[in-house]
Amino acid sequence: MRNNLYRPTADFQIGFLNNIQWLLESSSYTSTYKFALLISLSNLAIESGIDDNSTYSVSYLQIAEQFIHLYWTHALPFSKQDPDSILRQSNTIGQIKVINCILDLQKEAKTIKLNTARILNTYKWESTLKEIARTIKTYPAKHLQSAENKSHREFLYHYDSKSKEIKLNPGIAYCLAKFSKIINKLCQQYWSEFVRKNRHNQEYFNEDLDLYYFLFNQSRQSLNMLVPLLSDIQHGYCFYCHNQIKGTPEVDHFIPWSKYQIDTLHNFVLADHSCNNSKRDYLAEERFYDSWLIRNQDYGKLMNNEGKSLGFISNILRSETIVRWAYQVAIEHNDLVWSPDKSNRLRTINPALLQNLRG
Ligand SMILES: [Zn+2]
């Protein structure tokens, strides 16, 4: 157990939330970058595994990778009938640079699949990352904590134009990870309102298409390519109910997409339709946290080898930190967990059943 004394105080956490609210309400927005930056920082704070007052540094390249994931599907046409319907994410002239960079990458790699683009042309991928990193440093990172009336609150980090990274102030990584769900939901709301209000986009909203779903609710990759690998590992059985999978196997996000929206390879398990469909956005009950860790012990390396060639982000430690975070937050919030047992689908999480949580 880590020492609770070294966690940010309740007052600090409330101050943090006040400042987030101030930032979202008072900032001026010429594009959607600031929302993407806040979401990226909270994702990276989760991946840091920080559980106390520590400072934490994230490089602009790490943030750029997050940006590519966030914006990837935004570079696709909003309406399938109209190839030009790529939504405008800037109030000034033209499209934002990050989307143009992604379009350029998709064109050069001749694919709209994120994982294929990542491995097909690594040189282009790396140069795109660098270009996006520069953009983040010059625009949103510099201006994130400034309000429309030019007042500043550098509560997240002190901006240093000479540094290649952002150093989060003490306690901020903890708060970003703890409140990530609120932060993400708020940012997504502001983000989709910004896109909805943009006059250049109005003509595409006549059709009954769900903007919020288009922007945020779809996984960024095609997951079917993982079926053979996961099927081998699980010998064709469902990860949850252990029945032989009949019908089409489904790739399940062990930590649901709604809780963490960057796909990492080790977060996937194979399930039958019935389990996948009823689990939805819940965490699986405690014992599956252990089964998942054991699965990684036994097959993590194999997945690494196979998954990299499929273009997925593949890092066991990174996935394990995210999963530990998700269960920790669930305990703090007394969340429900899901069971494959039909007679007892949902109940409150029981921390006593999670021996592996704090290692
Ligand atoms: Zn099942």
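Q: Hi! Before we dig in, when do two residues count as in contact here?
A: Two residues are in contact if their C-beta atoms, placed from the backbone, lie within 7 Å. Keep in mind too that this is a predicted model.

Q: Why would residues three or four places apart point the same way?
A: Because an α-helix has 3.6 residues a turn.

Q: How far does helix 4 reach from its first C-alpha to its last?
A: It has 13 residues and reaches 18 Å, close to the 18 Å expected at 1.5 Å a residue.

Q: Back to the partner, helix 3. At what angle do helix 3 and helix 4 pack?
A: Helix 3 (residues 60-71) and helix 4 (residues 97-109) cross at about 80°, and their axes are 10 Å apart. That angle makes helix 3 roughly perpendicular to helix 4.

Q: Which residues meet there?
A: Helix 3 brings Phe67, Ile68 and Tyr71, and helix 4 brings Val98, Ile99 and Ile102.

Q: What follows helix 4?
A: Lys110 does. Lys110 sits in the loop between helix 4 and helix 5, and its phi is near 55°, a positive value in a residue other than glycine.

Q: Is Lys110 buried or exposed?
A: Exposed, because it has 10 C-beta neighbours inside 10 Å, and the cut-off for exposed is 12 or fewer.

Q: What about Asn334, what's its phi?
A: Asn334 has a positive phi of about 50°, although it is not a glycine. You'll find Asn334 in the loop between helix 14 (316-332) and strand 6 (336-338). Asn334 is exposed, with 9 other C-beta atoms within 10 Å.

Q: New topic: where is Gly171?
A: In the loop between strand 2 (165-168) and helix 8 (172-178). Gly171 is buried, with 23 other C-beta atoms within 10 Å.

Q: Which residues does Gly171 touch, leaving out those up to four places away in sequence?
A: Pro8, Phe12 and Asn53. As for Leu156, 15 residues from Gly171 along the chain, the two C-alpha atoms are separated by 9.2 Å.

Q: Now helix 9. Which of its residues are buried?
A: Ser180, Ile183, Asn184, Cys187, Trp191, Ser192 and Val195. They fall within an arc of 150° seen down the axis of helix 9, so they line one face.

Q: And what do the buried residues of helix 9 pack against?
A: Helix 1 (10-26), helix 2 (33-48), helix 8 and helix 10 (211-216).

Q: How far apart are the end C-alpha atoms of helix 9?
A: They are 25 Å apart, which agrees with the 26 Å that 18 residues should span at 1.5 Å a residue.

Q: Last one: where is Arg199?
A: In the loop between helix 9 and helix 10. Arg199 counts as exposed, with 8 C-beta neighbours inside 10 Å. From Arg199 to Tyr299, 100 residues apart in sequence, the C-alpha distance is 50 Å.

Terms used: Residues are numbered from 1 along each chain as its sequence is written. This is a predicted model: local features need pLDDT of at least 70, side-chain atom pairs count only at pLDDT 80 or more; totals for chains, interfaces and linings use all residues. Axes are lines fitted to C-alpha atoms, for helices over the stretch in contact, and angles run from 0 to 180 degrees between N-to-C directions. Helices (H or I, at least four residues) and strands (E, at least two) are DSSP runs, numbered from the N terminus. Angles under 35 degrees count as roughly parallel, over 145 as roughly antiparallel, 65 to 115 as roughly perpendicular and the rest as oblique. The expected span of a helix is 1.5 Å times one less than its number of residues. A residue is buried if 20 or more other C-beta atoms lie within 10 Å of its own, exposed if 12 or fewer, and partly exposed in between; C-beta atoms are placed from the backbone. The arc is that of the directions from the helix axis to the C-beta atoms.
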